[in-house]
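Take a look at the sequence and structure, then read on.

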Amino acid sequence: MTADNAAAAAGPAPVAGAGVIHDLGYRHYDGPRLGRPGIIRALYWHSLRSAFGIGRGAKAKIVPVLMFALICLPAIVNAISMAQHPGQSPIVDYDTYTYRLRSLVMLIFVAAQAPELVSRDLRSHVLPLYMSRPLRRLDYPLAKLAAFTAACLLMLEIPLIILFVGNILSASGGSAVWAQTRALIPGMGVAALWAVLLAAIGLVLASLTGRRAYATGIIAIYLFLTWTLSSILVNIAQQGPAGPRAVPLGPHAVAPLGARLGGLISPFTVLDGVRQWLGGTSPGPIPPPGSVGFLYGIMFLALLAVSLAGLAARYRKVGAA
């Protein structure tokens, strides 16, 4: 084949300075465009799965699986005890649900899993892609918040359901079942308050840095230090000026004002103060707040508002960068 014949077979030469479009064989998408609602749903579902390590390796599932098993353990022990001794009172309350264990488990879960939802995207600088049209700037943090709140709800509510099932299987008569149902409903409401507040605090602190280890440290330090400080202040105030030799409070005595206000420091004790203010009677880590109970409600709303505002401000800033 001559040079002229080869040139003719190749077709006309491209004009100088013009681009060439190559067909790489990709299939065109002719399906429906889901738009903004579809993106939010996908982001929510992906984030919820990420909170439990689903879709990732076995290492990512260690913390959520262990924490879930640990928080369900008291309910399982209660069910076994109720089955062996029918008619006895439950050893675990619905509203407090072994407060210290619940606080420790949620501290670890929030500190470990909140960075999984936000820190990786910050570090890889993919947020401008997420926040391009049709997704609005605040849709991303709202989807993350909804997903992590749902994850915390699963961690907190499933043990209560297990506890309820164990109690009603050993209940004698419909009145006992109804009594357990009436006790379960407030307990689930308290768990919902825990989930909303801890999810908001965890995400806003995790969004401060793109490094997962740093974010985990920030959350753990904040929750643990405030929890410890609140416990110390409550104990010191309860001892009174006489120190450890002070006479313990009776069941109907009013605790010193300092002990009733010491729980305002930590999110965990704030949540228990709200529980008691709303009518919870099970013993908690702080004495009944009494006339200052409304301060715990105000502090709960303040912590939640500051966390949500901080999360919105953070992603407005990131989205504009």
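**Cavity, pocket and helix packing**

The count comes to one cavity of 30 Å³ or more, where a cavity is a set of points on a 1 Å grid over the protein atoms alone at which a 1.4 Å probe fits but cannot get out. This is a predicted model: local features need pLDDT of at least 70, side-chain atom pairs count only at pLDDT 80 or more, and totals for chains, interfaces and linings use all residues. Residues are numbered from 1 along each chain as its sequence is written, and side-chain values use heavy atoms, with hydrogens and water left out.

**The cavity**
- The largest cavity holds about 30 Å³ of space, a volume being the space filled by probe spheres set on grid points that are joined across faces, edges and corners.
- Its lining (residues with an atom within 4 Å of a point) consists of Asp95, Thr96, Tyr99, Arg102, Val190, Trp194, Asp272 and Arg275.
- Helix 4 (99–124), helix 7 (174–206) and helix 10 (267–277) are the elements that each give two or more residues to this lining.
- By class, the lining of the largest cavity has four charged residues (Asp, Glu, Lys and Arg), three nonpolar (Ala, Val, Leu, Ile, Met, Phe, Trp, Tyr, Cys and Pro) and one polar (the others, Gly among them).

**The second largest pocket**
- About 270 Å³ of space lies in the second largest pocket; a pocket is an open set with protein on both sides within 12 Å along at least five of seven lines.
- Of its 15 lining residues, Asp95, Ala183, Pro186, Gly280 and Thr281 are the closest to the centre.
- Helix 7 gives the most to this lining, with six residues.
- The lining of the second largest pocket has six nonpolar, five polar and four charged residues.

**Fold and helix packing**
- The chain has 11 helices and zero strands, taken as DSSP runs numbered from the N terminus (helices H or I, at least four residues; strands E, at least two).
- Buried residues (under 20% relative accessible area, 1.4 Å probe, protein chains only) make up 40% of the 321 residues in the chain.
- Helix 6 (residues 139–169) and helix 7 pack at an angle of about 155°, with their axes 8 Å apart; axes are lines fitted to C-alpha atoms over the stretch in contact, and angles run from 0 to 180 degrees between N-to-C directions.
- That angle makes helix 6 roughly antiparallel (over 145 degrees) to helix 7.
- The contact of helix 6 with helix 7 has 20 nonpolar, five polar and two charged residues.

Technical notes
Angles under 35 degrees count as roughly parallel, over 145 as roughly antiparallel, 65 to 115 as roughly perpendicular and the rest as oblique. Buried means under 20% relative accessible area, exposed over 50%, partly exposed in between (1.4 Å probe, protein chains only).
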